[in-house]
Amino acid sequence: MHELSITELSRRLRGGGLTSVELTRHYLERIERLDPALNAFVTVAAEAALEAAARADARLARGEGGPLTGIPIAHKDIFCTQGLRTSCGSRMLERFIAPYDATLVERLAAAGAVVLGKTNMDEFAMGSSNETSFYGPVKNPWDLDRVPGGSSGGSAAAVAARLCAAATGTDTGGSIRQPAALCGITGIKPTYGRVSRWGMIAFASSLDQAGPMTRSAEDAALLLQAMAGFDPRDSTSAEEPVPDYAAQLGTDIAGLRIGLPREYFGDGLDPGVAASIHGAIREYERLGAQVVDISLPNSPLSVPVYYVVAPAECSSNLARFDGVRYGHRCEAPRDLEDLYKRSRAEGFGPEVKRRIMIGTYVLSAGYYDAYYLKAQQIRHLISDDFRRAFEQVDVIMGPTSPTTAFPLGAKLDDPVAMYLNDIYTIATNLAGLPGISIPVAPVDGMPVGLQIIGDYFQEGRLLNLAHRLQQATDWHLAAPPGLA
Amino acid sequence: MSLNRADVEKIAHLARLALPEPETERYAVDLSSILGLVEAMSAVDTGGVTPMAHPLHMVQRLRPDEPTEPDQRALFQSIAPLTEDGLYLVPRVIE
């Protein structure tokens, strides 16, 4: 049952002899049995899920609902869920119960999706290995000694291990695409502003974007359809109409121009990963696409720029956690300053503190021009590189991550080594462009992700390209061994 | 750019983070290495380049200045660490 696509599950839920309560029980049983080894879930909401499933069954029995009605999913623990704890992977929010639902949560609930629980993540989405979570690291379902990637590592592991039909994630510098690549699933980061950020705990507001994490592009199209759209409560929400993504699947790609940026195939890229990516690109050539060599000359600067812009925004966003209105508060504060300082020191882990301090430093008097202003200028140059590239090509392809999943602990003590994992994903966030990662041929039994970057609001084209490859190959159907 | 322990103490104060003495040295090393990574920016000529304020160059959307939310003080204070009579309690600020 857990190998079926959402489309097939939906068909069976509508008179195919399957109920959402049965399907939900099946996933809850898998979570109970398999998750202790993975730690993908921070909170499981069994009772509420079964109630929602019963409501979905009633809707379906009346002939109502859509393709997601009765489908069990999981939310990254960064999305506020009314009445269900939202920890954001942090001790700071260990007991935080949001008084409202995020727009994305509201929309998926309205579509009839059943929420199984909340998935583990790097603390405040700051990390590329899911090891900075206060609730312990998530293990990669393909090899329990390796990381699942981050920051949406719990969602990626849960989808890969078939603990839910789909999950939500967020991507500030690669946090949907990189864990999707490392766990062998499909993950799309939409254009900045495509999905509402309202009720999604902010990390870096000019980069954050939510998206679906699924086992196929077809499933991702259904999820994104429900998630995307204008939201007046998010002041950066895009007022663009949402196309019918499922209708775009199956569009012919003959003559489509694929740009391969030479900067994405240079030093630092694992040769096995490179071979796997080239293999997938040859499939696209067989399907009629043309390959064009391109250059994104400023892309090597994306990591340095990101580690100014993202920490600057994070230091300001996380100033709200002061121990006064909600979140962790220290014992017996001597005075207000002591209350702030100790509540924050106790509530945040080391990676969050590093980023808050870097952000505070680059925004402090005398350093602003040299760091923040300079970074925003180079960000413009990075964005211009993409603009010029899209005058020559329709999409850009390359690896999502330079290597397959690395062992737990391998990069934990070296923040810069950890940051360089996101070398191919960060530039799209800086430019605000959409990107998808899909599984291609594995290397030594570990998944590899192909990244496809599109122009603004070209999510439909990315999903179609991903779908075309998934129709022609079966890489996306591979399941981690030992998790039947 | 290399930061020493005194720099870290100053930054931690600005960020309102209490760092125990033994941790400052570790943060000085980590923050210096991150700033070392960022240093690559200084080689780029950005003369005349406009800083990018928004990925889609959108301007801030405004709405009429009318209340859109009901009063939910009791609900919001139900998750606060310490309240009394509808007020958030903090240590005494004015003697």
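A residue counts as buried if 20 or more other C-beta atoms lie within 10 Å of its own, as exposed if 12 or fewer do, and as partly exposed in between, with C-beta atoms placed from the backbone. With that written down, I looked at chain A: buried residues make up 63% of its 484 residues.

Before going on, I noted what I'm looking at. This is a predicted model, in which local features need pLDDT of at least 70 and side-chain atom pairs count only at pLDDT 80 or more, while totals for chains, interfaces and linings use all residues. Residues are numbered from 1 along each chain as its sequence is written, and chains are lettered from A and ligands numbered from 1 in the order in which they are written.

**Confidence**

I looked up pLDDT, the predictor's confidence in each residue, from 0 to 100. Chain B has a mean of 92, and 99% of its residues reach 70 or more. For the complex, the predictor gives an ipTM of 0.95 and a pTM of 0.97.

**Chain A as a whole**

I found 16 helices and eleven strands in chain A; these are DSSP runs numbered from the N terminus, helices being H or I with at least four residues and strands E with at least two. The C-alpha trace spans about 65 × 55 × 45 Å along its principal axes.

Next I checked contacts, meaning residue pairs whose C-beta atoms, placed from the backbone, lie within 7 Å. Of the contacts in chain A with a separation of 6 or more, 76% come from residues 24 or more positions apart.

**Strand 6 of chain A**

Is strand 6 (residues 209–214) of chain A enclosed or open? Six of its six residues are buried, so the strand is largely enclosed by the rest of the structure.

I then traced its partners; two strands pair if DSSP finds at least two bridges between them. Strand 4 (residues 166–171) runs antiparallel to strand 6 over five bridges, and A:Gly169 has A:Gly211 as its bridge partner. Strand 5 (residues 186–189) also pairs with strand 6 in the antiparallel sense, over two bridges. There, A:Gly187 is bridged to A:Met213.

**Where chain B meets chain A**

Which residues take part in the contact? I noted 38 residues from chain B and 54 residues from chain A. On the chain B side, helix 1 (5–14), helix 2 (21–38) and helix 3 (73–77) are the elements that give two or more residues. Helix 2 of chain B gives the most, with seven residues.

Notes
Contact = placed C-beta atoms within 7 Å.
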